[in-house]
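Have the coordinates open as you read.

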2 protein chains.
Amino acid sequence: MIVSPQSMSFSRPLALRSGASIRDYALAYETYGTLNADRSNAVLVCHALNASHHVAGVYAGKPDSQGWWDTMIGPGKPVDTDRFFVIGVNNLGSCFGSTGPMHVNPDTGKVYGADFPVMTVEDWVDAQARLLDGLGIGTLAAVMGGSLGGMQALSWTLQYPQRVRHGVVIASAPNLTAENIAFNEVARRAIVTDPDFHGGHFYEHGVVPKRGLRIARMIGHITYLSDDVMNEKFGRQLRDGIAPKYSTQEIEFQIESYLRYQGDKFSEYFDANTYLLITRALDYFDPALDYDGSLARALARASARFLLVSFTTDWRFAPRRSRELVKALLDNRRDVSYAEIDAPHGHDAFLLEDPRYLGTVRSYFERIAAEAVR
Amino acid sequence: MIVSPQSMSFSRPLALRSGASIRDYALAYETYGTLNADRSNAVLVCHALNASHHVAGVYAGKPDSQGWWDTMIGPGKPVDTDRFFVIGVNNLGSCFGSTGPMHVNPDTGKVYGADFPVMTVEDWVDAQARLLDGLGIGTLAAVMGGSLGGMQALSWTLQYPQRVRHGVVIASAPNLTAENIAFNEVARRAIVTDPDFHGGHFYEHGVVPKRGLRIARMIGHITYLSDDVMNEKFGRQLRDGIAPKYSTQEIEFQIESYLRYQGDKFSEYFDANTYLLITRALDYFDPALDYDGSLARALARASARFLLVSFTTDWRFAPRRSRELVKALLDNRRDVSYAEIDAPHGHDAFLLEDPRYLGTVRSYFERIAAEAVR
């Protein structure tokens with residue numbers, strides 16, 4: 001499937017949860033498949049931290065440019081683009097095409113940098129709703145996402161209950177635990193205290209806080225994988241031969257080599273201010289907050305039907321967090337399907353090719369297709 | 001109990017596992033209680049990452065200077081200094097009194113810095129054995145430690161089986177998992193890539209890589225605590241009032257405030273090169289390596305009796321790692337007592353006052369006293 005990115009511009013200000021607003025912004029997006037005559041087969045895919053609107057397919061002439069959820073979405077795939085019209089959108093504040101901290105603030109004529117407004121999951125959903133308006137789509141057959149993308153999918157069912165028939169929430173949670181916030185905070189501190197960060201205005205200094213970004217990514221990677229899969233893939237293997245070099249700074253173990261590589265790669269393309277913004281959106285998400293902490297009351301607004309999926313070895317968004325969501329939806333007598341997939345890969349499992357996982361999503365979308373696509 | 005630190009100097013070179021050696025070094029140590037006539041009541045306490053020879057008691061005129069295991073060791077305490085002669089020793093390469101990276105290398109006349117030789121658990125045990133020689137102690141009633149200290153206690157029973165009657169190994173493991181090494185590596189990278197690290201020779205520049213030390217400590221703290229205890233102590237509480245400030249750099253959540261405080265405090269007193277050395281010693285420890293990975297064969301040398309203790313919510317040194325040790329000792333028909341304590345505090349539990357935990361150690365030492373102290 002050959003795809004190409006598109007962009008939609010919005011001049012009217014978007015009011016944000018922080019009290020600020022943003023105007024003259026653009027959203028990068030892609031679409032796959034064809035919108036049917038009654039516009040009933042649209043599926044919106046929301047992305048997590050390190051992803052974009054490029055969800056599926058490849059760009060012309062770039063056979064290695066598969067979208068981040070290409071195992072899930074495409075012709076004949078679990079979310080079948082022969083039946084569904086799928087939309088991927090890059091979130092505001094991200095660094096892959098939509099307006100973000102590296103762009104010019106129309107109010108000042110200068111690059112936003114650290115002054116880009118703080119975004120919440122709810123703000124992203126509002127921006128996505130405007131994109132759907134622009135595309136002429138009233139109601140979504142489904143909104144789906146994993147991790148932070150799952151939070152957006154959930155929030156869609158709360159903010160625009162009449163516009164969502166199905167919410168597909170994968171490897172997600174009703175909010176972050178203190179430990180989750182803690183990992184985000186360490187990553188942010190690594191970036192912010194990098195001398196090349198310059199208070200978030202590093203663009204004008206012609207530098208990038210790569211040291212901090214590397215550390216942030218290394219921490220992230222550890223928490224995306226399970227202890228088991230790390231032991232299986234790397235264990236205690238030395239990188240060079242069988243005798244240790246006895247060095248505190250050189251690479252000794254394979255796992256170190258892997259993490260440094262991931263950190264280096266990430267620091268080459270990811271924007272530091274975007275990292276701060278996206279982890280903060282994760283921290284803030286907490287729909288129960290306005291309901292005295294009652295998730296059941298918070299989810300009462302939702303009228304969609306739901307598929308929730310979690311993975312047994314995911315300790316970042318553990319199955320018990322998905323079960324909290326299932327419980328709160330059932331307390332509201334909502335229609336919920338829930339699959340807890342026995343997978344060794346930790347949080348990363350939601351991006352991987354696991355037959356039981358993909359089969360579960362396929363079955364669910366076949367059910368949606370049967371009712372929605374005429 | 002008023003205590004005072006002592007020091008013993010060693011001129012003869014100590015051969016290290018790396019192939020290097022170290023000479024003209026000193027070990028800081030403390031002793032509590034009285035060595036009995038037949039020198040049979042000595043207990044050596046080995047320390048973990050952020051601790052020292054100051055295990056118990058307080059310094060004269062400093063009522064708040066309790067040793068790091070003061071709940072465990074002292075008159076009438078589980079390890080009763082009315083019965084036992086307890087020795088605490090600061091490891092080589094540490095920063096609390098024994099020779100370390102901040103001292104002068106006798107071979108060059110310059111501060112060691114990053115050139116301080118890489119230490120292993122086995123090297124520390126060899127150095128501790130020399131200290132015992134100097135104190136005129138042939139055989140230990142017990143050697144004990146938690147975490148990295150537990151690794152040293154275990155290694156004692158393998159390197160000097162005839163000199164140890166009991167090994168007390170708490171919240172420890174036969175080696176680090178890939179995930180453990182990964183966390184150590186991120187912490188090390190944060191330190192090494194801090195511009196103030198200067199390749200480990202920051203002393204001569206009059207600076208300290210505090211940014212890196214802060215990040216290292218924050219990561220450490222997250223892994224010392226359990227998810228449960230973090231949620232209980234901090235949860236999602238905001239630091240100031242009930243409304244978020246919507247900021248990526250300011251402190252929003254209590255957990256952030258706690259971690260930043262811990263990081264700041266640590267960076268004021270802990271040596272960066274010591275941090276690298278100690279985490280590397282953790283990484284390298286793997287007694288089964290020379291036995292084709294067979295822990296049972298590796299532990300065949302041990303002739304001591306053992307008490308092992310683990311804590312249910314410790315995910316850094318999980319109970320299953322202690323059970324591997326128990327299994328390998330039982331395979332060798334060794335005398336092993338094992339307690340898995342149901343405690344909410346994660347790895348930190350080994351330093352805390354838990355009646356079941358302290359009661360277990362007390363009972364075990366009463367048994368040792370009954371046989372050893374005449």
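In this predicted model, Asp331(A) is partly exposed, with a relative accessible area of 42%. Its salt-bridge partner is Lys327(A), with N and O 3.0 Å apart, and Lys327(A) counts as exposed at 51% relative accessibility. Over all chains, the count of salt bridges comes to 52.

**Salt bridges within a chain**
- Lys327(A) and Asp331(A) sit 4 residues apart in helix α9 (residues 319-331) of chain A, so about one helical turn separates them.
- Asp107(A) and Arg23(A) also meet in a salt bridge, at 2.6 Å from N to O.
- Asp107(A) lies in the loop between β10 (85-89) and α1 (121-135) of chain A and Arg23(A) in the loop between β4 (21-22) and β5 (25-32), so this pair ties together parts that are 84 residues apart in sequence.
- Asp107(A) is exposed at 57% relative accessible area, while Arg23(A) is partly exposed at 31%.
- In chain B, Asp283(B) pairs with Arg188(B), their closest N and O atoms being 2.7 Å apart.
- That pair links helix α7 (residues 272-284) to helix α3 (residues 178-192) of chain B, across 95 residues, and both partners are buried.

**A salt-bridge network**
- Glu185(A), Arg188(A), Arg280(A) and Asp283(A) are linked with Glu256(B) and Arg260(B) in a network of salt bridges.

**Cysteines**
- The structure holds 0 disulfides over all chains.
- The sulfur of Cys46(A) is 17 Å from the closest cysteine sulfur, in Cys95(A), which is too far for a bond.
- Cys95(B) is likewise in no disulfide, with the sulfur of Cys46(B) 17 Å away.
- Cys46(A) is buried at 0% relative accessible area, and Cys95(B) counts as buried at 17%.

Terms used
Residues are numbered from 1 along each chain as its sequence is written. Chains are lettered from A and ligands numbered from 1 in the order in which they are written. This is a predicted model: local features need pLDDT of at least 70, side-chain atom pairs count only at pLDDT 80 or more; totals for chains, interfaces and linings use all residues. Side-chain values use heavy atoms; hydrogens and water are left out. A disulfide is a pair of cysteine sulfur atoms within 2.5 Å. Buried means under 20% relative accessible area, exposed over 50%, partly exposed in between (1.4 Å probe, protein chains only). A salt bridge is a side-chain nitrogen of Lys or Arg within 4 Å of a carboxyl oxygen of Asp or Glu. Helices (H or I, at least four residues) and strands (E, at least two) are DSSP runs, numbered from the N terminus.
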